[in-house]
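Colleague: Please take one part of this model and go through it closely. Then set it against the rest of the chain.

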Amino acid sequence: MIFRILEDQYAERAKVAKAAEKAGKAADRRFMQLALTLGRRGLGRTGTNPAVGAVLVKDGVIVGRGWTQDGGRPHAEVEALARAGAAARGATLYVTLEPCSHHGRSPPCADAIIAAGVARVVSAIEDPNPLVGGQGHAKLRAAGIAVDLGLCAEEAARDHAGHLLRVREKRPHVVLKLAVSTDDKIAAAGHKTVAITGEEVRLRVHLLRAQSDAILVGIGTVLADDPELTVRLPGMAAQSPTRVVLDRSLRIPGDSRLVHSARTTPLWLMASDIAEAAAATRLGAAGAQVIHVADCEATPGLDLPAVLRALSDKGVTRLLVEGGARVASAFVAAKLADEIWLLRGDKTIGEGGVDALDGLPLTAITQSPAWRARSSERLGPDILTIYEPT
């Protein structure tokens, strides 16, 4: 009988311990999800620094939270520690990227975490930056802080994709946006612009612009539409990304809206080495910056990998590609798109309309084993499907 009683007691204790462990894991995930949400506030605003989120929790209560501030300083961890004050001692820090361990424009976040007396750090992913690369976590562990790594790692890697690619491959994360009709067209005959999608899509696209470091189009789009490529959401005009135009021969008109606004919102013109010096001088005087890159050896036009390297060198980590069928097709064919936002409207354009991809069917994305649909949602009458490489 005594053994039966003991077995029951052990079973009950194991059940309670398992329930507590499950509750603890659920709480960890909830707080990390909050850190990820906070980090996204900095997308497109932190320069070359990753947009990190951080949450400090003590006895189940949030005592501090932060995200990387505009321009990349202060870092998220420092913001959260400052808000927590003395309450940080003995707390758990949830952070979406490994805390830095090196001296840059500010002291290491790992040192600040140690000095504040944080007891545990839950970190989503390791930073591939060779100046950090596991050293931040190692420094925390050496100071007696418990470090758990890998919670919500997939989401964090997606949020920090621009930083990860810039470090590993010297190029930005590329999001290709396509708005297509029911018959897979992006414009009417003669490249005439038509409203394919509605207001909900417009708002989402402008938010996507605000979360990008730069937005890229081809010279064909500029000549056809004379766009401004700014963020037109209330109170967010200052978050307009740098505008980038693939303009091999510098054909952009001096009276275009892009050139006219070059002194208020940066305009970079990617041109061939053989572009006329006089045109570059004239456009430079108007406020645009001309960046010379190599031509592609295999096909006409600029070398896209060279374009991406040049943008990465200038600090771009998140690039939104919005420009025309030729540009979209070139990025797809070169396998340089990391995400494709396919926005399908409910309108039909009909015969003579411009195909979404120049020289490729849209099924090269929608029915290709090289791509998979990550998510899909309805925006008013339209549907957004996000594709990513398999």
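Modeller: First, the naming: helices (H or I, at least four residues) and strands (E, at least two) are DSSP runs, numbered from the N terminus. This is a predicted model, in which local features need pLDDT of at least 70, side-chain atom pairs count only at pLDDT 80 or more, and totals for chains, interfaces and linings use all residues. Residues are numbered from 1 along each chain as its sequence is written, and side-chain values use heavy atoms, with hydrogens and water left out.

The part I pick is helix H4, residues 135-142. Its buried residues are Gly136, His137 and Leu140. They sit on the same side of H4, because they cover an arc of only 95° around the axis. That arc is taken over the directions from the helix axis to the C-beta atoms. Buried means under 20% relative accessible area, exposed means over 50%, and partly exposed is in between (1.4 Å probe, protein chains only).

What covers this buried set? The cover includes helix H3 (109-116), strand S4 (120-123) and strand S5 (146-149). Contact here means heavy atoms within 4.5 Å. After H4 comes glycine 144, with a positive phi near 90°.

Now two loop positions for comparison. Aspartate 213 lies between helix H7 (199-210) and strand S8 (214-218). Aspartate 213 is buried but has no salt bridge. A salt bridge needs a side-chain nitrogen of Lys or Arg within 4 Å of a carboxyl oxygen of Asp or Glu. For aspartate 213, the nearest side chain of opposite charge is arginine 318, 5.9 Å away. Leaving out residues up to four places away in sequence, aspartate 213 touches Gly44, Pro241, Thr242, Gly315, Val316, Thr317 and Arg318.

Alanine 334 is in the loop between helix H12 (325-333) and strand S13 (339-344). Alanine 334 counts as partly exposed because its relative accessibility is 39%.

Then the whole chain. The chain holds 13 helices and 16 strands. Of its 390 residues, 49% count as buried. The C-alpha trace spans about 90 × 45 × 40 Å along its principal axes. Among contacts with a separation of 6 or more, 70% join residues 24 or more positions apart.

Last, charge. The mean positions of the 48 positive and 44 negative charges are 4 Å apart. Lys and Arg count as positive, Asp and Glu as negative; His and the chain ends are not counted. Each charge is placed at NZ of Lys, CZ of Arg, CG of Asp or CD of Glu.
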